[in-house]
Amino acid sequence: MVGSNSPNSSVSPPPPPAEQNQASKHWGVTKSLSHVGPTNADIHRNRELQKFLLDSGIYESAEESAKRELVLEKLKQIVKVWVKQLTRIKGYSDQMVEDANAVIFTFGSYRLGVHGPGSDIDTLCVGPSYINREKDFFYGLHSILNEIEEVTELQPIPDARVPVMKFKFDGIPIDLLYASVSLLVVPDDFDISNISVLYNIDETTACSLNGCRVADQILKLVPNVENFRTTLQCLKFWAKRRGIYSNVMGFLGGVNWAILVARLCQFYPQANPSMLVSRFFRVYTLWRWPNAVTLCEIEHNALGFSVWDPRINAWDGLHLMPIITPAYPCMNSSYNVSASTLRVMLEQFQFGKNICEDIELNKLKWSALFESYSFFESYKNFLQVEMIASDLDDLRSWKGWVESRLRQLILKIERDTGEILQCHPNPRDYADSSKQCAHSAFFMGLQRKQGEVVQEGQQFDIRKTVDEFRHQIKSYLYRKPGMEIYVSHVRRKQIPSYAYPEGYKRNRNTKPINEVVQVDKMSTVSVLKRKKIDGPELERSPEKRASVGPKLQDSVLSERICARSSVVEKAAVIRPCVFVDGVNKQVDPTILKNVRLASNGRDMKLIDRDKEPNATVAMVLKSGEVGSEPVQTNVMSNRLSLTSNA
C-alpha cells in the first residue's frame, strides 16, 4: 500500500511472531489435519525445491523491485494532484483543496509478496465521495495519464465486472481500479480493512475494495506467511507451466490459487513448502467438489451486500468449484470454472500427485513436476480463434474483449452438445508475424466426453453455436474498422507453424471447414468455414499513440485539465447471454484409484492410503474437514433438488 505504508512494507509485511504453542492454535473453520513437522528428508527436498525455483528465475531482481516502488510513488503523486485539481474545479474551498487526497493501495500477487519478473501490479485508488468513477476517473484521470510520456498501452475498461484502467508505467504493467468512499477527505492512514469503508457505497465499489481486503485477510489467516508465499509461488509457476493459470479462461487465477494454498497451510500449520506442495495435490485431488473452500466463517452483515450462500441464492448452488473470498462480502472467486475446465484441472492435480509421490520416493526430481504441458500433442482436433486488427493498439483491446468471452463459447458448446463435446482452452495466445496486419490466435482442444455411449457416425454440428458467439463478439462497444474474428476447426496436423515457437513445424494445409471432420472414430464435428485472413498493413509508428477513453458528454475536466478530448462514438450493444452448466459431474475413476470410500449413513470418509511422514495411520478426510466445509449440506441439497426437478 502506498500512503499509510511504503509500497515495499505493504507488499511484504513481516510474518507474525511464531506461536509458542501453535499446535493448539485453531486455523480456519475446522481443525488442522496434521501438526507433523518436516523430517530430515523433507528438509532436504525443500532445499532442492528452493534451488530449483531460484534457478527457474521466478524471483525478480532487486533493480526491478526498486523500479516498482518508484513507479508506485509516482502514481501516488499523480492521483493526489488529480484529486486536488478536481476539488478546485468543483468549487470547494481552498482548505478543502489543500486537504484533498487520494490513496493508492496494492493487492493481488504484489500485495501478497508473490509477484515475479514482468508481472503486473494490481492497484486501487481510493478517493473522496465527490470524485466519481465514470466521469472523473475514466475520463479525467485517463486524460492526465495519456499525457504522461512514461505511460503507454493505456486501455480503459469501464464495462468490466470490476472496472479497471490498464497501462504500462515506465514498462511496469499496472491494473488501476478506483473506489469512491463516503468521506470528504481520505487520510493517508486510511484503514481499508475496517468494515466502515463499505458504508454507503454500491456493489461495484465494494468489488473494487474487496481485492485489498481479501489480500490482507489471507495474510492474517495463514500460520506461517513465508511458507505460504513460497508454496504459492511454486504452485503458480506449476499452473502456468501446465496451462491452467487463467481466471478469464475458466481456470484459476491468482486469488484462487492463494486461497487454496492458504487453506492447505491451515490444514498443515507445521509443514514446510515441499510438504505443502505434495499435500496440495493430495488434498485437492480428493476434494469433493462442489463443496466450497473457505478460510473462515462466511460473514453476513446488515450492510446488505450479496454474499455467496447457496441456501439463499440458487445461482450459487450451480457453481462447480467454489473458492470463497475471506473478507466481507464473501464471494465465489472461481465462478468462471466450467465442466470442461474443471475436468482439465482435476487431471492436472492427479498428474501433480503422481509426480510428487515419485519425488518422495526419490524416483524423480522437482523438474519433472514443472514440465510444460504438451497441449497440441494432447488432442487431435482444435478450434482456432483468430483475431486481426489494423494495428497493435487496436489488437490489444480487441484481443482482450475476445479473450474475456471465450468462456462463453465453451459454455455454449457444452450446452448445445449435451455436454458430450468438451473443450480445453489454451490460455496462451499466438501471433503470426508473417501477416500484414496485427494478428493473434487462441486454440481450444476438442474431445468427446469419456465414458459417453454414442452412436457410430454421431455428429457435433456447432456452426450455429459459433455463429452466436461471433455475433456476440462483434457487439463490442469500441469495435473499429479492421477488427475481425475467425473461428475454424483444425486437425493436429493442420496446426500453423507459428503455434510452435520452438521451431517444431506442422503441415499448414487446411481442409475446408464446411466438411464434417471426425473427433474420434465414432463421432464428428462441424464448425464454420475457414476464411482467408486479409487485413490492412500493420502500423509501426515509433511515436506514442493516444489512448481512446470512454465517451463522455460533460466532464468538469474536459476543458480545464485535458489538452485534448478523447471521444469514441457509441454503438448499439447486445449484452451477452450467460449460460451456466449446473450439472453435477462425476470424477474420473482414475482420479480416485488410490482412494477407499467408507460410508456410514450421511458421514462419508475419504481415506488416502499414502501415509503421513512419521505416522503409521493414513490421512482421514472426515466430513466437516476436507472437502466438506460448513456449506456442504446446503450445496448438495440444492443440487439434489435441481436434479430431481429435472
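R415 is partly exposed, at a relative accessible area of 33% (buried means under 20% relative accessible area, exposed over 50%, and partly exposed in between, with a 1.4 Å probe and protein chains only). R415 forms a salt bridge with D416, the closest N and O atoms being 2.6 Å apart (a salt bridge is a side-chain nitrogen of Lys or Arg within 4 Å of a carboxyl oxygen of Asp or Glu). D416 is also partly exposed, at 38% relative accessibility.

The model is predicted: local features need pLDDT of at least 70 and side-chain atom pairs pLDDT 80 or more, whereas totals for chains, interfaces and linings use all residues. Residues are numbered from 1 along each chain as its sequence is written, and side-chain values use heavy atoms, without hydrogens and water.

The count of salt bridges comes to 28. In one of them, the side chains of E484 and K474 meet at 3.8 Å, N to O. E484 lies in strand β10 (residues 484-491) and K474 in the loop between α13 (463-473) and β10, so the pair ties together parts that are ten residues apart in sequence (helices, H or I of at least four residues, and strands, E of at least two, are DSSP runs numbered from the N terminus). E484 is partly exposed, at 25%, and K474 is partly exposed, at 32%. Another salt bridge joins E64 and R68 at 3.3 Å, N to O. Both residues lie in helix α3 (residues 62-89), four residues apart, about one turn of the helix. E64 is buried, with a relative accessible area of 19%, and R68 is buried, with 0%. A network of salt bridges links E153, K168, D393 and R396.

Helix α2 (residues 40-55) has 16 residues and reaches 23 Å from its first C-alpha to its last, close to the 22 Å expected at 1.5 Å a residue (the expected span is 1.5 Å times one less than the number of residues). The residues D42, R45, N46, L49, F52 and L53 of α2 are buried. Seen down the axis of α2, these buried residues fall within an arc of 125°, so they line one face of the helix (the arc is that of the directions from the helix axis to the C-beta atoms). They pack against α8 (225-241), α10 (273-286) and α11 (339-360), with contact meaning heavy atoms within 4.5 Å. The face turned away from the buried side carries the exposed residues N40, R47, K51, L54 and D55. G57, which follows α2, has a positive phi, near 75°.

The largest nonpolar core has 107 residues, of which F228, F280, F349 and L369 touch the most other members (a nonpolar core is a set of buried Ala, Val, Leu, Ile, Met, Phe, Trp, Tyr and Cys residues joined through side-chain atoms within 4.5 Å). Apart from this core lies another, of 32 residues, among them L86, C125, L141 and L154.

The count of aromatic pairs comes to 33 (rings of Phe, Tyr and Trp, the last by its six-membered ring, pair if their centres lie within 6.5 Å; planes under 30 degrees apart count as stacked, over 60 as edge-to-face and the rest as tilted). The rings of F137 and F138 have their centres 5.0 Å apart and their planes at 75°, so the pair is edge-to-face. F137 and Y178 form a stacked pair, 5.4 Å centre to centre with 20° between the planes.
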